Amino acid sequence: MKQTKWLLLVLTLVLSMFLAACSGGDSENAGEGDGNGETENENTEGENNEGGSEGDGNGEETKSDGPSGEQVLNLTEGADIPTLDPSMATDAVAFQVLGSTMEGLYRLGEKAQVKPGIAKDHEVSEDALTWTFNLREDATWSNGDPVVASDFVYAWKRAVDPETGSEYGPYMMGGVIKNATAINKGEMEVDKLGVEAVDETTLKVTLEKPIPYFESLTAFGTFLPINKKAVEEFGEDFALEAGNIYYNGPFVLSEWNHGEGWTFKKNPDYWDAETVKLEQINFKVVKDVATGVNLYETDKVDATGLSAEFVDEYRNDPNFEINPQNVLFYFKYNQEHHEALANTNARKALTMAIDKKGLVNVILNNGSLVATGDIPQDFVSHPETGEDFREINGDFLTHDKEKAKELWNKAKEELGKEEITLELLAGDSETGKNMNAYFKNQWETNLEGLTIELKQVPFKERLRLDTNMEYDIQFSGWGPDYLDPNTFLNMWVTGGGNNKMGYSSDEYDSLIEKANTEYATQPVKRFETFLEAEKVLMNDAAIGPLYQRASASVWKPYVKGVIRNPMGPDFSFKWAYINKNAE
Amino acid sequence: MARYIFQRIVYMFITMLLIATFSFFLMKLLPGSPLMMEDKLTEEQAVIIKEKYGLNDPVPVQYVNYLANLAQGDLGISFQQDNRGVTKILIERAGPSIQLGAQALIFGLAFGLLLGIFAALYHNSPIDYGSTFLAVIGKSIPSFVFAGLLQYYIGVKLGWLPVAFWEGFEYTIMPTIALAMFPIAIAARFMRTEMLEVLGSDFITTARAKGVNRLGVLFKHGLRNALIPLVTIIGPMAIALLTGNLVIENIFAIPGIGDTFVQAVMTNDFPIIMGFTLITGFLFIFIILIVDLLYGVIDPRIRLAGGEK
């Protein structure tokens, strides 16, 4: 009998816990005040653990804006590192890790300014085809070897070698570095690649054609050097564990627990080690946004990304920030699949009928910006005046219901049709489905006689249909590969590998061609030609720009100097530090 | 008995072969390829890369190659995780999932069984109603809602347990409880029903009449008989718990196997998909065998090998 009573007690306890949790959920708003108080208590508790070292830091550093407190940053990442091999890296996480632990010829600094890395400077030949980089002598690998020109030669050859199976190698180097494409196809020896180590500190690169943006390209992960010894020593296991690769960047990867997280430690042998203030960065894999927010609130991490449902909660938080990215989303109108889409007025009407403000503010709600052209905001600026590309060219095809109706009626007349049915091919994610419903609704209400059929498919299936051009209208997106308008505009030339919508304009083709050949060495003329080209593209309404993606996040106020990159790794921690005085 | 087990093992082998064949061809129906930059690469570039992974061969050839490697115990290499061995990945990730699943299973069954027994003993009393209520909640509230509530109230508001991560026993408590809700509910309901039936049967009355004390009757006669139907559902439940729960793993940032599998499907990482499917399949048929053998242990009236005529 005694036993049963004891069990009864446990049962009651569990039950009451449960009820407490349930009722707590109901009164979430009412308990807000209490909640804040509790979280603050939590804060102090959390810091007590590190209190000792923090105190020391404060004592030593009296400056209020320099580094103070323990120089350790705790962050989250949405996925595990897929690879540490610069030739094989394809995704944001891998490039983030490589950007922190490796150093290429150059590195992107604040406002995407190119900063010296292993290269001190470089000379470009008269014909702009030969670039000679002068490397610094004091750079070393984490095994003590000096970083020399042949490390770059080795890495670049490896990236285009078909044996390696690199995706970014042929993509980034093909058509850029001499013979890269032919080598990748197996038509030429790997040794014929246009890169040569003249001596230990001189790297000579021969290009296929003048590439005005080559300097910023060398900051990209695929162009990082690789220590040949490491590849040979670790063989099949190269870059599969933290210790199976040598580093030459501001940090070294000291620990990597697959699926769980990893740790960067400051690299004392880095050539610019005195600039690096952070001693350690801990990354944890956190996939769930709500979990990230809970960890942030309990001071386990110093920053976390926010999804739309959390944006409203944090919008007025002083630590809330929105970072516009350069990823552009738009409609592709397939001119070969439906006669209506071969009509310019119809394409214009379709684009202008959509209220993009409503889209970014209500449906996306994460700080995304309305797109008004083929080049995103704050991506590239005029080489002389510094004015933003978007600002110079202005807004195209903005929302205008009346104009859209007018153009639509004109298009129907030209086509001799009253009823038109179009298919929208788009993604099947939750947000994607909301967007698709929104598009359908806007189109069908604003444009008379239009019926939209939604075809919502997984990403890979959408790509297949895109390649086969089996769609009418497609919701699509593009992230830039290098800091140059060409990365977006080159897509739409006649027969281009990513065109796949039957757009063809002689005027447009010749402008892009000119920008990449005749004006390749004249930055201003080139830039202006791109401006011209975008106008042609937009006047043809070849694509319907929708929005430019942004990411919302919260950062603890004591995290300073983290640079947000428009390209390659999302963040640069080389100049980052912790300032606990700022609290 | 030995003959029976041998026979079952042969069947297991055939089943595995069928699973491997079906999942291989089904998997090949997935649209797209494992390439990450499919949208950017030209077809020619894609073909060059696929060559390295043998993806340009006709599917039947790939199938034969796969089986040949499998026969040597080689599950292949992951496409997405830079050629890391599939076996290694599965072992690395299975650890946390198995630990969590086992804890949830043990805790859930033990607690659920007790709950069911007491509900049956105190039939139509507040304890019975309370346990029914708990079981209904446990079954109807999805585990991720429960996990979210636990994380927010116990982790953030009260600060009693760590919010997430996988760094020690205290980190496993909340995910275990969240995962255990379902087994608790199922075990409690089953146990209550079976117990009521068993307690009302003649042999219990006989046992009581012979002077066996109440607890003795309960555990020696009641429990044993009531367990039989439960054993049937424990098998599938154990599989579901041990092979990782995507949602719970994501909410508590646990480096388990559930998420690995979903990611593999999303990115067409064929070797991982195959490896996971085969191992899950193997576990399944293995546990079914164990369950069948257990019947005999629990209730000697059940004969496994054909009758003794």
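A:Asn499 comes out as partly exposed, because 17 other C-beta atoms sit within 10 Å (buried takes 20 or more other C-beta atoms within 10 Å of a residue's own, exposed 12 or fewer, and partly exposed falls in between, with C-beta atoms placed from the backbone). This is a predicted model, so local features need pLDDT of at least 70 and side-chain atom pairs count only at pLDDT 80 or more, while totals for chains, interfaces and linings use all residues. Residues are numbered from 1 along each chain as its sequence is written, and chains are lettered from A and ligands numbered from 1 in the order in which they are written.

A:Asn499 lies in the loop that runs between α18 (486-489) and α19 (506-516) of chain A; helices (H or I, at least four residues) and strands (E, at least two) are DSSP runs, numbered from the N terminus. Setting aside neighbours within four places in sequence, A:Asn499 has A:Met491, A:Trp492 and A:Val493 as contacts, a contact being two residues whose C-beta atoms, placed from the backbone, lie within 7 Å. A:Asn257 is 242 residues from A:Asn499 in sequence and 41 Å from it in space, C-alpha to C-alpha.

Chain A as a whole has 20 helices and 21 strands, and 44% of its 583 residues are buried. Of the chain A contacts between residues at least 6 apart in sequence, 67% link residues at least 24 apart. An unreviewed UniProt entry lists "domain: Solute-binding protein family" at residues 113-499 of chain A; UniProt positions follow the numbering used here, feature names are shortened, and annotations may be inferred rather than shown by experiment. That stretch, residues 113-499, is 30% helix and 22% strand, with its end C-alpha atoms 31 Å apart.

Chain A also splits into domain 1 (28-83 + 91-101 + 249-318 + 556-582), domain 2 (106-234) and domain 3 (324-485 + 495-502 + 537-549), with bounds from an automatic or database domain assignment. Domains 1 and 2 of chain A put 13 residues each into their contact. On the domain 1 side, helix α4 (residues 92-101) of chain A gives the most, three residues.

Chain B is built from twelve helices and zero strands. Its C-alpha trace spans about 85 × 65 × 30 Å along the principal axes, and 39% of its 309 residues count as buried. The "domain: ABC transmembrane type-1" feature, again from an unreviewed UniProt entry, covers residues 94-295 of chain B; this span is 83% helix and 0% strand.

Within chain B, helices α6 (residues 143-157) and α7 (residues 169-199) have axes that come within 9 Å and cross at roughly 150° (axes are lines fitted to C-alpha atoms, for helices over the stretch in contact, and angles run from 0 to 180 degrees between N-to-C directions). Residues in this contact include B:Phe146 and B:Leu150 of α6(B) and B:Ile177 and B:Phe182 of α7(B). By class, the α6(B)–α7(B) contact has eleven nonpolar, three polar and no charged residues; Ala, Val, Leu, Ile, Met, Phe, Trp, Tyr, Cys and Pro count as nonpolar, Asp, Glu, Lys and Arg as charged, and the others, Gly among them, as polar.

As for the two chains together, their contact draws 48 residues from chain A and 45 residues from chain B. On the chain A side, α1(A) supplies the largest share, eight residues. That side divides into 20 nonpolar, 13 polar and 15 charged residues.
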